[in-house]
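Subject: Structure handover

Hi,

Here is the structure for you to look at. My notes follow below it.

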Amino acid sequence: MMQIISTVKPHSGFNANNDAEVLYKAMKGLGTDEDAILQLLTARSNAQRQEIKAAYKTLHGKDLVDNLMSELGGKFESLIATLMTPPIMYEVTCLRDAIKGAGTDEKVLVEILASRSPNEVNQIKSLYKREHNDDLEEDVTGDTGGHFKRMLVVLLQASRQQGIQEDLIQSDAQALFVAGEQKYGTDEGQFITILGNRSNAHLRRVFEEYRRLSGYEIEESIQRETSGTLQEVLLAVVKCARSVPGYFADSLYGAMKGAGTDDQTLIRIMVSRSEVDMLDIRAEFRKRFATSLHKMIQGDTSGDYRKALLLLCGGDDA
């Protein structure tokens, strides 16, 4: 049995028609029963939400998402809209908006391309093509530049090697050392090739060897030797190689710490990881920070938006 590490699971007594009726009643007449809506949708898997959407159309001749959007507002509306979108479609939309919006949202490009498996990246590429009749790689390269662009292109190839190549651990660590700390200037190409193509398990061994060899953590060297968006994507890849849930824990903390909240990031991660590894993210969060994910969301958000996020979080960690 695979250990369950998600907080949102398929509902066992699922009946799409019943759920469609609950949602219809929640929106009918004066006022909206937001609580009924959020309790129901956070307790269904994404696949089940798609079935509810189809049943709603059949029963009422209306689009469930359109109806929800006309009843709800603000961040809560954004969160519900995200819950209602199929996962790969959601990632395609995020990438499209990141590229085609005003300016480029590098943070979204980095988060999605650094953290998803090669298989997911391939699914994203083909759906992007189908939906927008454009090539994701061309759109990314048209909108970014320099070494940052090169690293994104490598990640978009989705051809990360499998397993650990024992005979390369030493030479990879050495190559990174020579390309950065031992050189006047930096050979970014080496960082891109090794960090972009080796498996996570292999990279973890390389990072150990790198520390033994240089006396530095690889993150310290990347911070010293690179800057800007290239540094962001390389650090994200390193964090994901060490622990994908750890990477998301850091990102969630970053979205909420200090003044203001990066709600887009908060929504994107809480929804997209709720059926993947939310329990692991919570555990990593608790290990890394002086508080729990649950407590931080509680202190940083309010209203129905907060209620729904806490349900996706699924509980507190003492």
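How many aromatic pairs does a search of the whole structure find? The search finds six. Rings of Phe, Tyr and Trp (its six-membered ring) pair if their centres lie within 6.5 Å; planes under 30 degrees apart count as stacked, over 60 as edge-to-face and the rest as tilted.

Before the details, some ground rules. This is a predicted model: local features need pLDDT of at least 70, side-chain atom pairs count only at pLDDT 80 or more, and totals for chains, interfaces and linings use all residues. Residues are numbered from 1 along each chain as its sequence is written, and side-chain values use heavy atoms, with hydrogens and water left out.

**Aromatic rings**

One of the pairs is Y253 with F289, and this pair is stacked. The centres are 3.8 Å apart, with 5° between the planes. Y253 lies in helix α16 (residues 244-256), while F289 is in the loop between α18 (278-288) and α19 (293-300), so the pair ties together parts that are 36 residues apart in sequence. Helices here are DSSP runs (H or I, at least four residues), numbered from the N terminus.

F289 is buried, at 16% relative accessible area. Y253 is partly exposed, at 26%. The cut-offs: buried means under 20% relative accessible area, exposed over 50%, partly exposed in between (1.4 Å probe, protein chains only). Y253 and F289 also belong to one aromatic cluster with F285.

The charged end of R224 sits over the ring of Y216, 4.3 Å from the ring centre. The test is that NZ of Lys or CZ of Arg is within 6 Å of the ring centre and within 35 degrees of the ring normal.

**Cysteines**

There are zero disulfides in the structure. A disulfide is a pair of cysteine sulfur atoms within 2.5 Å. For C94, the nearest cysteine sulfur is that of C240, 16 Å away. C94 is buried, at 13% relative accessibility. C240 is buried too, at 4%.

**Backbone**

Two residues are worth a look. N133 has a positive phi of about 55°, although it is not a glycine. N133 sits in the loop between α8 (118-132) and α9 (136-143), and is exposed at 64% relative accessibility.

A158 is not a glycine either, and its phi is positive, near 50°. A158 is in the loop between α10 (146-156) and α11 (166-179). At 14% relative accessibility, A158 is buried.

Best wishes

Definitions and conventions: Helices (H or I, at least four residues) and strands (E, at least two) are DSSP runs, numbered from the N terminus.
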